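Please keep the sequence and the structure in view while reading.

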Amino acid sequence: RIARGLLPVEETLRLGRQESAYGAQRVITAGDWGNVRRTFDGVKLLNTFKGDGWSNQLDVFAFQIVTPDPEEFNDDADDQAFYGVYDTLSLPNLIPGGKAAFDVYLLGLIQQKNEGRGTDNDIYTAGVRFSATPKPFDIDVELAHQFGNRGEADISAWMFYAEGGYTFVNATARPRVFGGFDYSTGDGDNGDDGKWTRWATIFCANHKLLGEIDQIGRMNIASPFVGAECTLAENKSWAQKLTLRGTYWAFFRDDTGDGIYAEFNSNARVARPAGSDAAFVGHEVDLALAWRVERHTTILATYGHFFAGEYVNE
């Protein structure tokens with residue numbers, strides 16, 4: 001006899017070209033804000049398990065990255081392979097009304113040396129995430145470690161994210177206040193000492209994870225943030241929902257020997273070290289107005305301003 005919940009109640013095998021997004025999309029996303037959404041060629045096996053008071057989604061995949069070409073049919077990048085396991089355990093009764101979930105993942109990115117890449121890279125990412133929304137509170141915490149090698153250098157890099165919020169559920173417009181901390185390691189030696197400690201963004205979301213302006217990427221950065229949001233209208237004839245969100249970010253370099261990197265291109269430095277030992281990069285203030293007109297239509301207007309800090313000024 002097999003105990004209930006030990007066998008999947010549903011299995012799906014997905015072959016061919018497909019998108020992929022997991023969790024809060026800090027590691028894997030389809031990339032909504034790019035000119036071309038990110039796609040993969042390969043195979044994914046999706047397993048759904050269910051038991052008393054819990055459910056589990058276990059995905060196993062092996063992909064090749066699709067390279068967009070404006071003039072030819074998009075083909076695979078033969079010099080890169082991406083595979084992994086992503087598991088999500090949902091425990092709705094762990095915290096009353098909290099919809100708690102644990103994510104655990106192990107990912108591998110294999111890159112061969114080419115004209116734009118000077119080394120063979122084997123980058124492995126192991127991470128855990130916990131999220132819950134026990135109203136009026138909410139929490140999202142994620143920790144991940146990268147290991148493997150970049151050429152002759154051994155990889156040991158980290159990423160950490162934590163956010164907590166409180167919603168005034170009985171107040172007009174249901175305002176929510178939140179705060180948190182976003183962190184990823186840097187490497188001022190660029191691997192020359194035999195150790196690579198700069199976090200690699202892999203296939204993360206390419207917008208608003210670290211501000212609406214998209215100038216700061218999750219590499220060599222430490223960023224506390226606070227903000228507030230409210231619902232201006234809901235279930236109206238002209239809008240399903242209208243929300244306003246404001247966020248303040250402060251950016252610091254983790255390693256003052258390393259630079260700051262762009263959100264859209266992990267190989268492009270926004271600012272190089274240039275002899276500066278200043279850690280403070282700057283502030284950013286963002287406002288975002290999201291108007292969900294109906295099920296298929298959302299209009300988003302944003303404003304962001306970056307105030308240069310000591311490092312950028314130097």
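## Aromatic pairs

F225 and W249 are both buried, a term for a relative accessible area under 20%, with exposed meaning over 50% and partly exposed the range in between (1.4 Å probe, protein chains only). The model is predicted, so local features need pLDDT of at least 70 and side-chain atom pairs count only at pLDDT 80 or more, while totals for chains, interfaces and linings use all residues. Residues are numbered from 1 along each chain as its sequence is written, and side-chain values use heavy atoms, with hydrogens and water left out.

Rings of Phe, Tyr and Trp (its six-membered ring) pair if their centres lie within 6.5 Å; planes under 30 degrees apart count as stacked, over 60 as edge-to-face and the rest as tilted. By this rule there are 20 aromatic pairs. Two of them are set out below.

| Pair | Centre to centre | Angle between planes | Class |
|---|---|---|---|
| F225 and W249 | 5.0 Å | 40° | tilted |
| F251 and F306 | 6.5 Å | 25° | stacked |

Because F251 lies in strand β13 and F306 in strand β17, their pair ties together parts that are 55 residues apart in sequence. Strands (E, at least two residues) are DSSP runs, numbered from the N terminus. F251 is buried, at 0% relative accessibility, whereas F306 is partly exposed, with a relative accessible area of 26%. Ring pairs also link Y22, F40, F61, F63, F82, Y86, Y105 and F203 into a cluster.

Where is R26 found? R26 is in the loop between β1 (10–18) and β2 (40–51). Its relative accessibility is 5%, so R26 counts as buried. The side chain of R26 makes a polar contact with the side chain of E142 at 2.6 Å; such a contact is a pair of N or O atoms within 3.5 Å, and within protein one must be able to donate a hydrogen and the other to accept it, while residues adjacent in sequence count only if both atoms are side-chain atoms.

Both R26 and E142 are among the residues that line the largest cavity, as are Y22, Y86 and Y105. A cavity is a set of points on a 1 Å grid over the protein atoms alone where a 1.4 Å probe fits but cannot get out, and lining residues have an atom within 4 Å of a point. The largest cavity has a volume of about 50 Å³, volume being the space filled by probe spheres set on the points, which are joined across faces, edges and corners.

Note on methods. Helices (H or I, at least four residues) and strands (E, at least two) are DSSP runs, numbered from the N terminus. On a 1 Å grid over the protein atoms alone, a cavity is a set of points where a 1.4 Å probe fits but cannot get out, and a pocket is an open set with protein on both sides within 12 Å along at least five of seven lines; lining residues have an atom within 4 Å of a point.
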